[in-house]
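Q: I'd like to learn how to read a structure like this one, feature by feature. Could you walk me through it?

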Amino acid sequence: MSAFLINQTWDGSALPLEIGEHRHITVGSPLAVLGLFVLALQHRFSPTAIGTEGLQGNSPDLRPAVEWEDPTPPEPLPWVWSGSLRPAEECDPNNVGAPRPIFIGPAFDKNKSIRNYRPAIYVDRGQVNVEKVSIDNFAGQHLPSGLKGFGAMVHIPIQIDCIAESYGDSNIIADTVWFYLLASRDILCSSFGFHVFTEPTLGMTLPEELDKQLFHTQIFCEVTIYMRWSTRPIAPLINDIAMRAAKVGDVNDVLQDIVLRESRS
Amino acid sequence: MMRIFPMFPQRVFLQWVLRNPTLGITYEFTVDRSGSAEGPWETITTPPIYDFYYVDMAFPSNTVTGTPDLMSMTRSVYYRITAQPSAGGDTVSIIKKIEPWLDRRREGIHRKLVRDAMISLKRVIGTEIAALKKKKWGTKCTLCLSSMGISVNPYCPQCYGTTFQGGYWTPVYGWAQLFTTPISIQTALQGESERKQTRLLMAHIPQMDKEDLIVFLRTNKYFQVDEVTPTQIHNVDVHQELIVSELSPTSAEYDLKVDPWREPCWWV
């Protein structure tokens, strides 16, 4: 709570941020959690895994890739994430059987440059629920400014879909993702402040008809984070409503007019 | 099961399907020809072949005496196909006559319809295609199979995800007409996905099945067969109408290569 109050000047037009936080995505928002999963999976399937510098970037495609510094390099996989989806044999016909580029990204991305690409991993979230842990979610108040702080537990179900052209391909990609998440739960929890990161569930591999028969395997898990927000007195808005109510005579009439769009002035 | 399609006047197309083949082994096929169901048989495939079809081209001219004649409506040609498992064991054979299904009058009608369809596809409405039949038997892939026998790599350079070495049989070249339909774009979990399912008209050979491929040689577009509807006269195929789906350019099937300059020669 205190970090963003003290270190950041809030101009009223953006979310309160900690130093170094992205301007539009706060730590703890469901979008940020999705981004973290995408980045973690890209890291898993990278031929040379990226370091911590890469994890601080906000755009996966623009972040700088740095050399793997761990003495034990990642195991070779038949799929590789590199940002480019051009198959290796397209550049070199003798390189048949080279690891195939895998797409890893958020689901429902309409602006992808390539369509119907397989294999692919899509990360999406389910229905987000907020759990109250204090009365009215109230955490504290800054008396001189009137600013109030709130917090609640937010449950974010994560759904990861592994799509491939064969049953075995989809199954094994999903198995790799599932075990990676299972094994790195504690690291992700401690590094990114997750309150709970449930053990992932590996779903069935099911067929799907698109331009041809595909197979997809889903992995489910749930992340719980402590989400925080603050409010400060909003005198101009309240004054505006009070003045319009005084003009009409009844606050209910004003609000009903607004809802029914009868008041245009 | 064997089907014989005479391509008058000079060729006979034979296609066969193994019922309940032993998986993981190859079969070699020997084709014999005779003027009678009782023989004597003349072996016309030496050495044996390992494919799903054979084209008998031993009908150079109906004016040459001493050669089999496809133009006669009284004399028939019989074929015997023998399948021999590579691992040893019992052989299986089947004997069939050309056009065993039709009476004399409908034989002529069928020949006329087939010829008209072929000429129409070649000269008017069709373009060159390669038909690739997916393998249903043969030697198993040695690169990508799991212990469960499942292919774990659809881009496997040995089996293309079919689990059988080679993936598809030798292409059969011909002509087909592709009907146009709009490409449907839908927003799915994968972002925007494209699908183009359309109709295709082709000759009655080879007999196509679900998951077989059609490659249009002029455009290098690959289509997967979803449904097959043969047009028939008294249960005998005249041509085939297929429902096909255009494959995404990144599909594994694009690794299969066909000869783009091959001129189909079913009708001289």
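Predicted model: local features only at pLDDT ≥ 70, side-chain atom pairs only at ≥ 80, totals over all residues.

Q: Which residue does E165(A) form a salt bridge with?
A: First the general idea: side chains of opposite charge can pair when their charged atoms come close. Here the partner is K212(A), and the closest N and O atoms are 2.8 Å apart. K212(A) counts as buried too, at 5% relative accessibility.

Q: Where do E165(A) and K212(A) lie in chain A?
A: E165(A) is in the loop between strand 7 and helix 5, while K212(A) is in the loop between strand 9 and strand 10 (213-231), so the pair ties together parts that are 47 residues apart in sequence.

Q: Which residues are joined with E165(A) and K212(A) into one network?
A: Salt bridges that share partners bring in R118(A), D211(A) and E253(B).

Q: Which residue of chain B does R115(A) form a salt bridge with?
A: R115(A) pairs with E192(B), with 2.5 Å between the closest N and O atoms. R115(A) sits in the loop between strand 3 (103-106) and strand 4 of chain A, and E192(B) in strand 11 (residues 191-195) of chain B.

Q: What about a salt bridge within chain B?
A: Take D56(B) and R33(B), whose closest N and O atoms are 2.8 Å apart. D56(B) is in strand 5 and R33(B) in strand 3 of chain B, and the pair links parts of the chain 23 residues apart. Both residues are buried.

Q: Let's go back to where the chains meet. How do I read an interface?
A: Chain A gives 32 residues to the contact and chain B gives 30. Together they bury about 2,600 Å², with 52% of that on carbon and sulfur atoms. R115(A), L210(A) and D211(A) supply 25% of the area that chain A buries against chain B, more than any other three residues.

Q: How many residue pairs are in polar contact between chain A and chain B?
A: The count is 17, taking pairs with both residues at pLDDT 80 or more. As for the elements involved, strand 4 (120-125), strand 7 (147-164), helix 5 (167-183) and strand 9 (201-209) of chain A each supply at least two residues to the side that touches chain B. The largest share comes from helix 5, with 4 residues. By class, that side of chain A has 11 nonpolar, 6 polar and 15 charged residues.

Q: What should I look for in the backbone?
A: Exceptions. Most residues other than glycine have a negative phi, and most peptide bonds are trans. In this model, the bond from R118(A) to P119(A) is cis, with omega near -5°. P119(A) lies in the loop between strand 3 and strand 4 of chain A. Another cis bond joins T46(B) and P47(B), with omega about 0°.

Q: Which residues other than glycine have a positive phi?
A: One of them is N137(A), with phi of about 60°. N137(A) is in the loop between strand 5 (129-131) and strand 6 (138-142) of chain A, and it counts as buried at 14% relative accessibility. Another is N20(B), with phi near 50°. N20(B) is in the loop between strand 2 and strand 3 of chain B, and at 77% relative accessibility N20(B) counts as exposed.

Methods:
Residues numbered from 1 in each chain as written. Chains lettered and ligands numbered in written order. Heavy atoms only, no water. Contact = heavy atoms within 4.5 Å. Buried area = accessible area lost by both parts, 1.4 Å probe. Salt bridge = Lys/Arg side-chain N within 4 Å of Asp/Glu carboxyl O. Polar contact = N/O pair within 3.5 Å; in protein donor to acceptor, adjacent residues only side chain to side chain. Nonpolar A, V, L, I, M, F, W, Y, C, P; charged D, E, K, R; others polar. Buried < 20%, exposed > 50% of the residue type's maximum accessible area, 1.4 Å probe, protein only.
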